[in-house]
Every structure is written in structure tokens, then in C-alpha cells.
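Here is a chain to read closely, with each label tested against the rule behind it. Have the sequence and the coordinates open.

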Amino acid sequence: MPASGQARGAWGWHPLDSRWAQRIVDAAGVKPGELVLDVGAGLGALTAPLVRAGAKVVAVELHPGRAEKLRRRFTDAPVTVVRADAADLRLPARPFRVVSSPPYGISTALLKRLLMPGSRLVSADLVLQRQVVNRWIEHQAPGANRWSRYYDLSIGIRLPRKAFTPPPHVDSAVLHIQRR
Ligand SMILES: C[S@@+](CC[C@H](N)C(=O)[O-])C[C@H]1O[C@@H](n2cnc3c(N)ncnc32)[C@H](O)[C@@H]1O
């Protein structure tokens, strides 16, 4: 989540513009039938193009109203909406991808969880604060000596502030994680 997310006020957020969401999903290269987690799914900006790509989506959203709207929006689609705290995310037991614009406040907790020993993560494309992306790709992040043996991290799409409404006060980019 760009800017300070919930710190700006209860459940403040910056949804992604649908064209940028489509670009992020296209760049992620999701294939039909793949299991994809959209963590902090909001109202489904990324969920919708993931469904169009043929993914089976687990949309994780903590806000009760947004989770309910997601359920209604994707009733007839291969989407499972889970109302849960992304910081306590239970990882799937089978291979999965992540395409997500999560709340920035939980970036580190989420990354540590996705990269923890035993994770079946295949790839992740996460919209994060640019300086957080830089820290992770430079291996200046927790556990780097362990996960860098299994995963390559790189910077993906750089997002202009106008890719969000309202525009945040910080720069954002996609952190791409790929299992070797
Ligand atoms: C930046 S918004 C992104 C929403 C959507 N992915 C988009 O791009 O438009 C992050 C979302 O995460 C949700 N959220 C905040 N804290 C969360 C948490 N701890 N666990 C799961 N979702 C959370 C917010 O309600 C919000 O919908």
C-alpha cells in the first residue's frame, strides 16, 4: 500500500488504476490454472486481470466491507476470498504465485513469510515502496543469506504516482521474486 496506509487513518488506501493493474499482471506471466494469491486485494484491481489470465485466485483482504464486496464481485469467478491478516498468512501447500499490492506497513512481514523455509512460492510480483524494493534486491533484508540461495529478486515495473488514486507521497515499484 503506497504511503503510510493505515497510519494515515483507519483503512486509508490507494487503489491501483486498472490499466496499471493489467500491466502488472501481464508482466507477471501468469498462466491459466495457476494458483495466485492477491494479498490485500482491496476491491479487486489485480484480482480482475488475474481472473482474465485464467488464474485460480485467493484474494486476501482484512477489511470486512471490502472482503464482502470482493465476494459479491467475483461470485461466479474462480476466486476464493479470505478475510485474514496478511501478516499471518497461511501459505498454500502446493506451488503458488503472488501478485499483489499489499499494505506497505506489512511488506517485511509478508516477504519474510513468503520466503520462509518450506514455502512453495514460485514467483511473486509485489507493488512496494521503491526504497523497500531497492533494499531487498541489494540483499539488505532479513534472511538474505538463506533465501538468496533459492530465489532471484529484481525490480520490475516502476509505477508513477498517478498509477494510484489518490497519488501517494512515495515512489513505488514491483519487486519480482523468482524461484531458481
Ligand atoms: C494498497 S491497498 C491495495 C488494494 C488493491 N490490491 C489495489 O491495488 O487496488 C491494500 C489493501 O490491503 C488491505 N489491508 C490492509 N491491511 C491488511 C492486512 N493486514 N491484511 C490484509 N489486507 C490488509 C486494505 O484494506 C486494502 O484494501
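Q: In what order do the strands of the open sheet run, and what is the pairing?
A: This is a predicted model. Its open sheet has seven strands in the order E3-E2-E1-E4-E5-E7-E6. The pairing is mixed.

Q: What makes E3 and E6 edge strands?
A: Strand E3 (79-82) and strand E6 (151-159) each have a single partner strand, so one side of each has no neighbour in the sheet. From one strand to the next, the twist averages 20°.

Q: How do you know that E6 and E7 pair, and in which sense?
A: Pairing needs at least two bridges. Seven bridges join E6 to strand E7 (residues 172-179), and the two run antiparallel. Ile-155 stands opposite Leu-175 in E7.

Q: Which strands does helix H1 touch as it packs on the sheet?
A: Helix H1 (residues 18-28) touches strand E4 (96-100), strand E5 (121-129), E6 and E7. Its direction makes about 155° with that of E6.

Q: What makes E1 and E2 a pair?
A: The threshold is at least two bridges. Strand E1 (residues 35-39) and E2 have five bridges, in the parallel sense. Val-39 stands opposite Val-60 in E2.

Q: What makes E2 and E3 a pair?
A: Four bridges link E2 and E3, again against a threshold of at least two, and the sense is parallel. Val-60 has Val-82 as its bridge partner in E3.

Q: Which elements form the β-α-β units here, and of what hand?
A: One is built from E1, helix H2 (residues 47-52) and E2, and is right-handed. Another runs from E2 through helix H3 (residues 64-73) to E3, and this crossover is right-handed too. The label requires a clockwise path over the helix, viewed with the strands pointing away.

Q: Why is strand E2 called mostly covered?
A: Strand E2 (residues 56-60) has five residues, and four of them are buried.

Q: Why is Leu-16 called buried?
A: The cut-off is 20 or more other C-beta atoms within 10 Å. Leu-16 has 21 C-beta neighbours inside 10 Å, so Leu-16 counts as buried. Leu-16 lies in the segment before H1. Beyond four places in sequence, Leu-16 touches Ala-21, Ala-45, Leu-46, Ser-101, Ala-163 and Phe-164.

Q: Which residues does UniProt list under "binding site"?
A: The unreviewed entry lists His-14, Leu-16, Gly-40, Glu-61, Asp-85 and Ser-101.

Q: Where does UniProt place the domain feature, and what is the span made of?
A: The unreviewed entry places "domain: Ribosomal RNA adenine methylase transferase N-terminal" at residues 20-180. That span is 28% helix and 28% strand. Its end C-alpha atoms lie 27 Å apart.

Q: Which residues touch the most other members of the largest nonpolar core?
A: Of its 52 residues, Ile-24, Val-36, Leu-46, Leu-50, Val-98 and Val-99 do. Leu-46 itself, beyond four places in sequence, touches residues including Leu-16, Ala-21, Ile-24, Val-99 and Ser-101.

Q: Why is Arg-179 called partly exposed?
A: Arg-179 has 15 other C-beta atoms within 10 Å. Buried needs 20 or more and exposed needs 12 or fewer, so Arg-179 is partly exposed. Arg-179 sits in strand E7. Its contacts beyond four places in sequence are Leu-121, Val-122, Ser-123, Tyr-150 and Tyr-151.

Q: Why is His-139 called exposed?
A: Exposed requires 12 or fewer neighbours; His-139 has 12 inside 10 Å, so His-139 qualifies. His-139 lies in the loop between helix H5 (130-137) and helix H6 (144-147).

Q: Which peptide bond is cis, and what is its omega?
A: The bond from Thr-165 to Pro-166 is cis, with omega near -5°. Pro-166 is in the loop between E6 and E7.

Key:
Residues numbered from 1 in each chain as written. Predicted model: local features only at pLDDT ≥ 70, side-chain atom pairs only at ≥ 80, totals over all residues. Axes fitted to C-alpha atoms, helices over the stretch in contact; angles between N-to-C directions. Contact = placed C-beta atoms within 7 Å. UniProt positions renumbered as here; feature names shortened; annotations may be inferred. Core = buried A, V, L, I, M, F, W, Y, C linked by C-beta atoms within 7 Å.
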